[in-house]
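Subject: Structure for you to look at

Hello,

Please find the structure below. My notes on what was found in it follow.

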Amino acid sequence: MTLKDVKVDQTVSVVKLHGEGATKRRIMDMGITKGTSIYVRKVAPLGDPVEVTVRGYELSLRKADAEMIEVK
């Protein structure tokens, strides 16, 4: 399951980051690493972007970036 598939008001844990190079590095620089807890706050009406809470701060992710984050 990826972060894109998670419903609003659910908390999940990161299992693996997919992607290559700069894209993966950018996601990791935002604080999203293996084992991190992510709470999905809101999803825009058309599904893009997804607003999440990570490590105590709010973050908006594009659908394409959320697909690269495998969660459980």
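Which residue takes a positive phi in the hairpin of S3 and S4? That residue is Arg 55, with a phi near 50 degrees, and the hairpin has two residues between its strands. Please keep in mind that this is a predicted model.

Val 50 stands opposite Leu 61 of S4. Strand S3 also pairs with S2 (residues 37–43), again in the antiparallel sense and over five bridges. There, Val 52 in S3 is the bridge partner of Val 40.

These strands belong to an open sheet of five, in the order S4-S3-S2-S1-S5, with antiparallel pairing. S4 and S5 (69–71) are at the edges and have a single partner strand each, so one side of each is left without a neighbour in the sheet. From one strand to the next, the twist averages 45 degrees.

Next, the core. The largest nonpolar core has 18 residues, and those with the most contacts inside it are Leu 3, Ile 32, Ile 38, Val 52, Leu 59, Leu 61 and Ile 69. At least two residues of this core come from each of S1 (11–17), S2, S3, S4 and S5. In soluble globular proteins, nonpolar side chains tend to be buried together.

Leu 3 is worth a look in the viewer. Leaving aside neighbours within four places in sequence, Leu 3 is in contact with Val 12, Ile 38, Val 40, Val 52, Leu 61, Ala 66, Ile 69 and Val 71.

Regards

Methods
Residues numbered from 1 in each chain as written. Predicted model: local features only at pLDDT ≥ 70, side-chain atom pairs only at ≥ 80, totals over all residues. Heavy atoms only, no water. Pairing = 2+ DSSP bridges. Helix = DSSP H or I, 4+ residues; strand = E, 2+ residues; numbered from the N terminus. Axes fitted to C-alpha atoms, helices over the stretch in contact; angles between N-to-C directions. Core = buried A, V, L, I, M, F, W, Y, C linked by side-chain atoms within 4.5 Å. Buried < 20%, exposed > 50% of the residue type's maximum accessible area, 1.4 Å probe, protein only. Contact = heavy atoms within 4.5 Å.
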